Amino acid sequence: MINMIKALALRWKSYRHRFVPWIALNLQKNERTLRQVKDRSQDKLLQDEEVLGSLVCLFTQLLNHDLKNLGANVADERSAVTRNTLGFSVARERSSLQFAGNGVFVTQGRAPRGTLVAMYPGTIYQADEPIFFQSIRNPFIFRCIDGVLIDGNDRAISKTVYRSCSGRDRLGPFLLSDCSWLTSDPVNPLAVGQYVNNCSNEKAANVCYQEYDVPDAFPLELRQFLPNVNYRADTQRPLRCVVLVSLRDINCGEELFSNYYTIVH
């Protein structure tokens with residue numbers, strides 16, 4: 001019974017940071033968050049031009065490799081493409097934390113400090129858009145500094161909403177987003193950032209979140225690998241993405257840990 005209570009308390013401690021009503025009531029009380037919001041001068045570990053370069057380089061290689069006829073080996077081939085392009089690969093595996101479920105690990109190579117190591121997939125909600133019901137029992141709601149929310153849940157109503165919005169947004173034969181992150185075999189191997197666990201006293205953060213708005217000049221044929229979609233079709237804002245950047249060198253076999261309140265705008 002005691003172990004069950006401890007497990008529930010641990011789950012709530014992590015989940016509350018993603019539950020919209022709790023965020024609304026407690027955000028102003030969190031000095032750490034306020035410091036991040038106020039500090040507009042904080043330098044990014046990875047500049048937007050470098051984020052763009054990494055994404056374009058990886059997506060181009062994925063596009064150029066014919067992976068359709070590899071059967072069960074397609075995941076290994078995508079991992080190899082990522083390793084050859086970025087110098088490492090990541091994957092979702094059982095977390096090293098007790099009761100934490102899945103986590104994200106560097107499975108090949110090494111991710112140097114200041115490297116884009118993952119993306120946070122999901123449906124993007126502006127501050128005035130409805131997400132209350134989607135946030136219930138949903139530990140994958142990510143809040144950006146400006147109030148934009150990203151629902152990275154790959155199940156239930158969140159999954160249905162993402163597929164609907166993704167199917168809506170097409171430009172002729174071109175897909176503008178990727179739905180495969182909703183499965184266990186994402187086409188974009190970096191689209192696993194929602195499974196990165198929060199840091200603890202024993203496990204220090206080795207990655208941080210950075211907001212990244214996709215520029216209009218992003219190659220049209222590569223948008224099919226972007227794991228984000230706007231909830232509102234007529235939004236005039238750039239497509240918001242959140243990427244995870246390494247705070248130090250991360251070796252093969254290490255799990256990624258973030259701080260849910262550390263976001264660079």
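Mentor: The face of H7 turned away from its buried side carries the exposed residues Ala156, Thr160 and Ser164. Exposed means over 50% relative accessible area, buried under 20%, and partly exposed in between, with a 1.4 Å probe and protein chains only. Keep in mind that this is a predicted model, where local features need pLDDT of at least 70, side-chain atom pairs count only at pLDDT 80 or more, and totals for chains, interfaces and linings use all residues. Residues are numbered from 1 along each chain as its sequence is written, and side-chain values use heavy atoms, with hydrogens and water left out.

Trainee: Which residues of H7 are buried, and why are they said to line one face?

Mentor: They are Ser158, Val161, Tyr162, Cys165 and Ser166. Down the axis of H7 they fall within an arc of 125°, so they line one face of the helix. The arc is taken from the directions from the helix axis to the C-beta atoms.

Trainee: What do the buried residues of H7 pack against?

Mentor: Their partners are strand E4 (122-125), helix H6 (132-135), strand E6 (149-151), strand E7 (170-171) and strand E11 (228-230). Contact here means heavy atoms within 4.5 Å.

Trainee: Why is Ser177 called buried?

Mentor: Ser177 has 5% relative accessibility, so it counts as buried. Ser177 sits in the loop between strand E8 (174-175) and strand E9 (197-198), and among the residues it touches are Tyr162, Ser166 and Arg223.

Trainee: What joins the side chains of Ser177 and Ser166?

Mentor: A polar contact of 2.7 Å. The term asks for a pair of N or O atoms within 3.5 Å; within protein, one must be able to donate a hydrogen and the other to accept it, and residues adjacent in sequence count only if both atoms are side-chain atoms.

Trainee: What makes Asp154 and Arg92 a salt bridge?

Mentor: A salt bridge needs a side-chain nitrogen of Lys or Arg within 4 Å of a carboxyl oxygen of Asp or Glu. The closest N and O atoms of Asp154 and Arg92 are 3.7 Å apart, and the pair links distant parts of the chain, 62 residues apart, with Asp154 in the loop between E6 and H7 and Arg92 in strand E1.

Trainee: How do you know whether Asp154 is buried or exposed, and what about Arg92?

Mentor: Asp154 is at 7% relative accessibility, so it counts as buried. Arg92 has a relative accessible area of 30%, so it is partly exposed.

Trainee: Where does Arg168 find its salt-bridge partner?

Mentor: In Asp169, with the closest N and O atoms 2.7 Å apart. Arg168, at 34%, is partly exposed, while Asp169, at 17%, counts as buried.

Trainee: And which label does Glu254 get?

Mentor: At 22% relative accessibility, Glu254 counts as partly exposed. Its side chain meets that of Arg248 in a salt bridge (2.7 Å, N to O), and Arg248 is partly exposed at 35%.

Methods: Helices (H or I, at least four residues) and strands (E, at least two) are DSSP runs, numbered from the N terminus. Lists of a residue's contacts leave out its neighbours within four places in sequence.
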